[in-house]
Amino acid sequence: FSPDGRWIAFSAGNPSSTARRIFIAPFHPDRLVTPDELIPVTEGNFGDIEPTWAADGKTIFFISRRDGFLCIWARSLDAAARPRGPVYSISHFHHAGRALGEGLPYTGEIGLSAGPNFLVFSLTQSTSDIWLKTESAPAY
């Protein structure tokens, strides 16, 4: 829900595709939302998931693979919850040892949330060591 409670942001897509799209819909507690009321925030060419509102209601943050990695992106909105300007990147995770939600069984476990001046999300950090075992030559 938007901070003012008037809007709902969600992701949706075709079950036969990994592409998902972010939409905004007006919140009507007394009736269903009609298809013509849906406001597309993203194009639907990527796996755009986990939309969350900025505290001021002027931005939608979301997770996307639009650059080949799970990264955090955003889109500014006007007062009528319509997209204003292009989608822009917030934070990239192109590092082999640090990735957004990689290895999680369900992408909803990233848990992207926005506070007044911060974002909260789960980040997987992997480390490893390489060991080489050598055998001593037998003594004769």
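Which residues lie nearest the centre of the second largest pocket? They are Asp4, Asp56, Gly57, Asp78 and Ala79, out of 13 residues that line this pocket. Before going on, keep in mind that this is a predicted model, where local features need pLDDT of at least 70 and side-chain atom pairs count only at pLDDT 80 or more, while totals for chains, interfaces and linings use all residues. Residues are numbered from 1 along each chain as its sequence is written, and side-chain values use heavy atoms, with hydrogens and water left out.

Back to the pocket. A pocket here is an open set of points on a 1 Å grid over the protein atoms alone, with protein on both sides within 12 Å along at least five of seven lines, and a lining residue has an atom within 4 Å of a point. The volume comes to about 160 Å³, taken as the space filled by probe spheres set on the points, which are joined across faces, edges and corners. Sorted by class, the lining has 6 nonpolar, 2 polar and 5 charged residues. In this scheme Asp, Glu, Lys and Arg are charged, Ala, Val, Leu, Ile, Met, Phe, Trp, Tyr, Cys and Pro are nonpolar, and the others, Gly among them, are polar.

Asp4 also takes us to the salt bridges. Its partner is Arg6, with the closest N and O atoms 3.7 Å apart. To count, a side-chain nitrogen of Lys or Arg must be within 4 Å of a carboxyl oxygen of Asp or Glu, and that rule gives 5 salt bridges. Arg31 and Glu37 form one of them, at 2.9 Å from N to O. Glu43, Asp48 and Arg66, meanwhile, are tied into a network. Arg6 is partly exposed, at 47% relative accessible area (buried is under 20%, exposed over 50%, partly exposed in between, with a 1.4 Å probe and protein chains only).

Now for the sheet. Pairing takes at least two DSSP bridges between two strands, and S1 and S2 are joined by 6. Ile8, for instance, has Ala25 in S2 as its bridge partner.

Follow the chain on from S2 (21-26) towards S3 (39-40), and the loop between them holds Pro29. Pro29 is exposed, at 68% relative accessible area.

Methods:
Helix = DSSP H or I, 4+ residues; strand = E, 2+ residues; numbered from the N terminus. 1 Å grid on protein atoms, 1.4 Å probe; cavity = no way out; pocket = protein on both sides within 12 Å on 5 of 7 lines; lining within 4 Å.
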